[in-house]
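Let's take a walk through this model, stopping at a few residues along the way. Have the coordinates open and follow along.

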Amino acid sequence: MAQDSGNRTLISHAQLRRGRGKAIYWTLLAVVVVVFTLVFLGPLYWMVTGALKSGQEIAQTPPTLWPKDPQPQNYVDAWHNLDLAKLLFNTFYYAAGAVAFQLVLDTAAAYSLSKLRPVLGNVILGLMLTTLMIPAMVLIVPQYVTVIDLPILHLNLLDSPFAIWLPLVANAFNIFLLKRFFDSIPEDLMAAALMDGATPLRTLWSIILPMSRPILGVVSIFAVTAVWKDFLWPKLVMPHPETRTVSVGIYAFSGGTPMNVVVAASVIAAIPTVIVFLIFQRNIMSGLTTGSLKG
């Protein structure tokens with residue numbers, strides 16, 4: 001009886017074992033999977049195939065499902081005409097810095113809230129989480145005012161990588177994610193380290209961080225994708241052509257560039273994030289689920 005209640009689903013096993021119920025279930029499942037696959041993969045398919053079309057074919061209505069005369073030269077033109085090597089290097093540099101800052105500062109904040117438990121720590125965490133309810137567009141103006149005249153230091157950070165790095169450091173979602181993972185680490189390990197004379201910093205470095213590689217991988221991937229896909233903020237704080245990210249650079253050069261070449265540039269720009277996901281997809285799943293169970 002306990003086993004049946006533990007495996008209870010929306011449709012009972014008895015209904016699934018019947019001929020008609022089983023057919024309906026698998027039919028609905030197949031339809032849902034196919035529909036969602038088309039919804040998610042459809043734009044990617046159009047982008048990849050559109051990059052191989054001529055300028056006239058990509059603009060025609062109705063669109064063709066496959067290019068009549070594939071033109072791989074579009075990728076070569078996009079790489080040279082839009083200076084994608086420089087744009088990709090800039091974006092990778094900003095993403096690497098964002099990862100470094102978030103891993104150091106967000107991890108320290110989550111560790112202090114989870115294991116050191118300062119006074120009013122729950123209040124501070126609650127205030128952090130309330131910022132997730134604020135639309136990102138509302139924060140654009142105060143962040144921009146802060147960047148052009150950094151308080152106390154009175155520095156202008158336009159065209160500086162710190163203009164991208166510093167706003168990304170204060171990431172309430174990543175801090176909460178890390179804290180939940182740290183909460184799942186047994187307190188016995190902390191007590192044993194304390195008895196051995198380890199300082200809180202030593203405990204973080206020798207015990208917590210080695211056990212937290214999955215969640216640290218998730219935070220790193222989130223930081224990379226946040227920089228890679230962002231458009232509005234880099235466009236505001238990186239106005240000089242030499243400091244642009246790949247998304248801003250493609251938009252800036254797209255005015256006098258054929259649409260098929262712009263689409264080819266978008267495909268090239270998307271490849272690094274797809275590779276990162278394929279390499280670290282196991283880390284994403286394990287990191288998001290490990291901290292959900294305590295003990």
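Keep in mind that this is a predicted model. Start at Thr 257, which sits in the loop that joins helix H15 (246-253) to helix H16 (259-290). Is Thr 257 buried or exposed? Its relative accessibility comes out at 18%, and the cut-off for buried is under 20%, so Thr 257 goes down as buried. Now look at what surrounds it. A polar atom of the Thr 257 side chain is 2.5 Å from the backbone oxygen of Phe 253. If you skip the neighbours within four places in sequence, Thr 257 touches Leu 82 and Val 262.

Next, hop over to another loop, the one between helix H10 (172-183) and helix H11 (187-195), where you'll find Ser 184. With a relative accessibility of 10%, Ser 184 also falls under the 20% limit, so this serine is buried. Which backbone oxygen does its side chain reach? That of Phe 181, at 2.5 Å.

Finally, head out to the surface. Val 31, Val 32, Val 35, Phe 36, Val 39, Phe 40, Leu 41 and Leu 44 make up a nonpolar patch there, and together they have about 760 Å² of accessible area. Take Val 31 as one of its members: this valine belongs to helix H3 (residues 19-50). Its relative accessible area is 45%, between the 20% and 50% cut-offs, so Val 31 counts as partly exposed.

Notes. Residues are numbered from 1 along each chain as its sequence is written. This is a predicted model: local features need pLDDT of at least 70, side-chain atom pairs count only at pLDDT 80 or more; totals for chains, interfaces and linings use all residues. Side-chain values use heavy atoms; hydrogens and water are left out. Patches are made of residues with over 30% relative accessible area and no salt bridge: like charges are joined within 9 Å, nonpolar side chains (Val, Leu, Ile, Met, Phe, Trp, Tyr) within 5 Å. Accessible areas come from the Shrake-Rupley method with a 1.4 Å probe; for residues, only the protein chains shown count as cover. A salt bridge is a side-chain nitrogen of Lys or Arg within 4 Å of a carboxyl oxygen of Asp or Glu. Helices (H or I, at least four residues) and strands (E, at least two) are DSSP runs, numbered from the N terminus. Buried means under 20% relative accessible area, exposed over 50%, partly exposed in between (1.4 Å probe, protein chains only). A polar contact is a pair of N or O atoms within 3.5 Å; within protein, one must be able to donate a hydrogen and the other to accept it, and residues adjacent in sequence count only if both atoms are side-chain atoms. Contact means heavy atoms within 4.5 Å.
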